[in-house]
Amino acid sequence: MKTMIKVMLCVGVGMGFSVTASLAQAACSFDLEVGDYLKFSAVDINVEKSCESITVNLTHVGKLPANVMGHNWVLTKTSDIDAVATSGIQAGLAANYVVTGDSRVLAASSVIGGGQSTSFSFPTAGLTEGEDYMFFCSVPGHSYNMRGMFIVAE
Ligand code: CO
């Protein structure tokens, strides 16, 4: 029996340096920052199936507008990331660089620019423990640098 819901949020600042914080209470919710650069504030995200849903609070702390340096947060299986990123480019900014109804997309936020933020939630029911998932930004040219592992534990 679980006595505590634990989520590890790794915040990377530059290459080779990371801080790991254990958030015992805010276990099913994540605060992520993006800015005028190609990086998420979290390197990896760990969740537990005991969370009925996951909430992501995405904040763009930069100044550049969405059409110049916008970012979003998209979740897919690792094996789908490149194909989803490619088709997302064709979908365009108006569609938040995600093809509407793409079943490979497990969760996706809107694209935000500097000074903006967005919050969204998605259920964990469709996630499988031990599956290889990644989160990434599907804005054109971003997905190779802006990606991280999304790890689901029981
Ligand atoms: Co981006």
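This is a predicted model: local features need pLDDT of at least 70, side-chain atom pairs count only at pLDDT 80 or more; totals for chains, interfaces and linings use all residues.

Colleague: How many helices and strands does the chain have?

Modeller: Two helices and ten strands. Read along the sequence, the pattern goes β-β-β-β-β-α-β-α-β-β-β-β.

Colleague: And what share of the residues in the chain is buried?

Modeller: Of the 154 residues, 42% are buried. The accessible surface of the chain is about 7,800 Å², and carbon and sulfur atoms account for 55% of that.

Colleague: On to the metal. Which residues are the protein donors of the cobalt ion?

Modeller: H71 and H142, each through ND1, plus C137 through SG and M146 through SD. They lie 2.0 to 2.5 Å from the cobalt ion.

Colleague: What arrangement do the four donor atoms make?

Modeller: Tetrahedral, because the angles they subtend around the cobalt ion run from 87 to 128°.

Colleague: How are the donor residues spaced in sequence?

Modeller: As H-x65-C-x4-H-x3-M.

Colleague: Are H142 and M146 buried or exposed?

Modeller: Both are buried. H142 also turns up in the contacts of M69, a residue worth a look.

Colleague: OK, where does M69 lie?

Modeller: In helix 1, which covers residues 66–69. M69 has a relative accessible area of 16%, and the cut-off is under 20%, so M69 counts as buried.

Colleague: What is M69 in contact with, leaving aside neighbours within four places in sequence?

Modeller: G35, D36, Y37, L38, H60, L64, I112 and H142.

Colleague: Switching to aromatics. How many aromatic pairs does the count come to?

Modeller: Eight. Take W73 and F135: their ring centres are 5.7 Å apart and their planes are at 10°, so that pair is stacked. W73 sits in the loop between helix 1 and strand 6, while F135 belongs to strand 9, so the pair ties together parts that are 62 residues apart in sequence.

Colleague: Are W73 and F135 buried or exposed?

Modeller: Buried, both of them. They also belong to one aromatic cluster, together with F40, F120, F122, Y133 and F150.

Colleague: Then the nonpolar core. Which residues touch the most other members of the largest one?

Modeller: F40, I45, W73, L75, F122 and F150, out of 27 residues in that core. Strands 3, 4, 5, 8, 9 and 10 are the elements that give two or more residues to it.

Colleague: What does L75 touch, not counting residues up to four places away in sequence?

Modeller: R104, V105, L106, A107, F122, L127, Y133, M134, F135 and F150.

Colleague: Last topic, helix 2. Which of its residues are buried?

Modeller: I81, V84, A85, S87 and G88, in a helix that covers residues 81–91.

Colleague: And what do those buried residues pack against?

Modeller: Strand 6, strand 9 and strand 10.

Colleague: What follows helix 2?

Modeller: G92, and its phi is positive, near 85°.

Definitions and conventions. Residues are numbered from 1 along each chain as its sequence is written. Side-chain values use heavy atoms; hydrogens and water are left out. Donors are N, O and S atoms within 2.8 Å of the metal (3.2 Å for Na, K and Ca); water is not among the atoms, so sites may look incomplete. Four donors count as tetrahedral if all angles lie between 85 and 135 degrees; four count as square planar and six as octahedral if opposite donors are over 155 degrees apart and all others between 65 and 115; anything else is irregular. Buried means under 20% relative accessible area, exposed over 50%, partly exposed in between (1.4 Å probe, protein chains only). Helices (H or I, at least four residues) and strands (E, at least two) are DSSP runs, numbered from the N terminus. Contact means heavy atoms within 4.5 Å. Rings of Phe, Tyr and Trp (its six-membered ring) pair if their centres lie within 6.5 Å; planes under 30 degrees apart count as stacked, over 60 as edge-to-face and the rest as tilted. A nonpolar core is a set of buried Ala, Val, Leu, Ile, Met, Phe, Trp, Tyr and Cys residues joined through side-chain atoms within 4.5 Å. Accessible areas come from the Shrake-Rupley method with a 1.4 Å probe; for residues, only the protein chains shown count as cover.
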